[in-house]
Amino acid sequence: MGTTQLETVPEPKYWHLKTVLSDALDSEFAVGEILPNERDLAARFGVARATLRQALEQLELEGRLQRRRGVGTTVAPPRVGVAVDPVRHTWPGAAGDDWQPVDAVESDAVPAAVAGLLATAPGDPVHVVRRSRVTHGRPVATELLYVPAAAVPGWAPAASLSAPARARAVLHELQTLELDGQDRTVELGSARAEDARELDRLPGAPVLVVTTRYVSGGRTAAVAVSTYRADTCRLTFGESDAVALLAG
């Protein structure tokens, strides 16, 4: 990697440095290779370490780099295409769903934004189903599915069931309802500690958060909050109108 002085570059230094580093990643580094430490890179390019960190953070956001615990900053593999909803107008857990059930618990405390979508009151019991998704042997997403107990009154937690079986049981009850429709939003976020652990990322790493609202009987019957790794995922929607959402 050659030396480039950036003192006279009119655009923000970190942005130009990001471009220089990106070119170097293409020509001088292999996937999985560890980058030199920040001190050496900053000295080589004649920039402050704060400027270097901005460039590295942008490259991580764009999926070019990965920061791995105990390893350092490595060159990321190409993003994998992940279909958000390959089978349209279906409940979670229906045929063609690639998510794996992990557990289900009952809680009377859910995030305020979710409670607003569900129109639940403080203290109302809600089944929280945790699911995970793996693509090509790599964890790419984790999900929390919130189902008000009032929406599936025929089901109650059974201590005799295993954690995945509890999750499947809630999904089965949900699928007995008539699905009127669904809508979703996508936003860029930061990984919470628990999500980061499941996704093998550092807390605060960039993620794509997909919130899906499922409607039955004219009211919200469930809300799914799915957290995808922004560094390795390229989300696609539907079958014919695939749209790549690239972080950055």
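This report describes the sheet, the hairpin, the salt bridges and the nonpolar cores of one predicted model.

## Basis of the description

The model is predicted, and local features need pLDDT of at least 70, side-chain atom pairs count only at pLDDT 80 or more, and totals for chains, interfaces and linings use all residues. Residues are numbered from 1 along each chain as its sequence is written, and side-chain values use heavy atoms, with hydrogens and water left out.

## The six-stranded sheet

Helices (H or I, at least four residues) and strands (E, at least two) are DSSP runs, numbered from the N terminus, and two strands are said to pair if DSSP finds at least two bridges between them. Six strands form an open, antiparallel sheet, in which the order is β4-β5-β6-β9-β8-β7. The edges are taken by β4 (100-107) and β7 (181-190), and each has a single partner strand, so one side of each is left without a neighbour in the sheet. Neighbouring strands are turned against each other by 20° on average, direction ignored; the axes behind such angles are lines fitted to C-alpha atoms, for helices over the stretch in contact, and angles run from 0 to 180 degrees between N-to-C directions.

Helix α5 (residues 163-174) lies across β4, β5, β6 (138-148) and β9 (219-229), and runs at about 80° to β4.

## A hairpin of two strands

Strands β1 (residues 65-68) and β2 (residues 72-75) also pair in the antiparallel sense, over four bridges, with Arg67 opposite Thr73 in β2. The hairpin has three residues between these strands, and Gly70 takes a positive phi near 75°.

## Salt bridges

A salt bridge is a side-chain nitrogen of Lys or Arg within 4 Å of a carboxyl oxygen of Asp or Glu, and the structure holds 13 of them. One of these joins Asp26 and Arg64, with the closest N and O atoms 2.8 Å apart. This pair links distant parts of the chain, since Asp26 belongs to helix α1 (residues 13-28) and Arg64 to the loop between α3 (49-61) and β1, 38 residues apart.

Another salt bridge connects Arg166 with Asp103, the closest N and O atoms being 2.7 Å apart, and it ties helix α5 to strand β4 across 63 residues of the chain. Residues are called buried under 20% relative accessible area, exposed over 50% and partly exposed in between (1.4 Å probe, protein chains only). Arg166 is buried, at 18%, whereas Asp103 counts as partly exposed, at 22%. Elsewhere, salt bridges that share partners join Glu38, Arg49 and Arg53 into one network.

## Nonpolar cores

In soluble globular proteins, nonpolar side chains tend to be buried together. A nonpolar core is here a set of buried Ala, Val, Leu, Ile, Met, Phe, Trp, Tyr and Cys residues joined through side-chain atoms within 4.5 Å. The largest has 18 residues, of which Leu145, Val147, Leu174 and Tyr214 touch the most other members. At least two residues come from each of β6, α5 and β9, and α5 gives the most, with five.

Leu145 touches, among others, Val128, Leu171, Leu174, Tyr214 and Val223, where residues up to four places away in sequence are not counted and contact means heavy atoms within 4.5 Å. A second, separate core of 16 residues includes Leu35, Leu41, Phe45 and Leu65.
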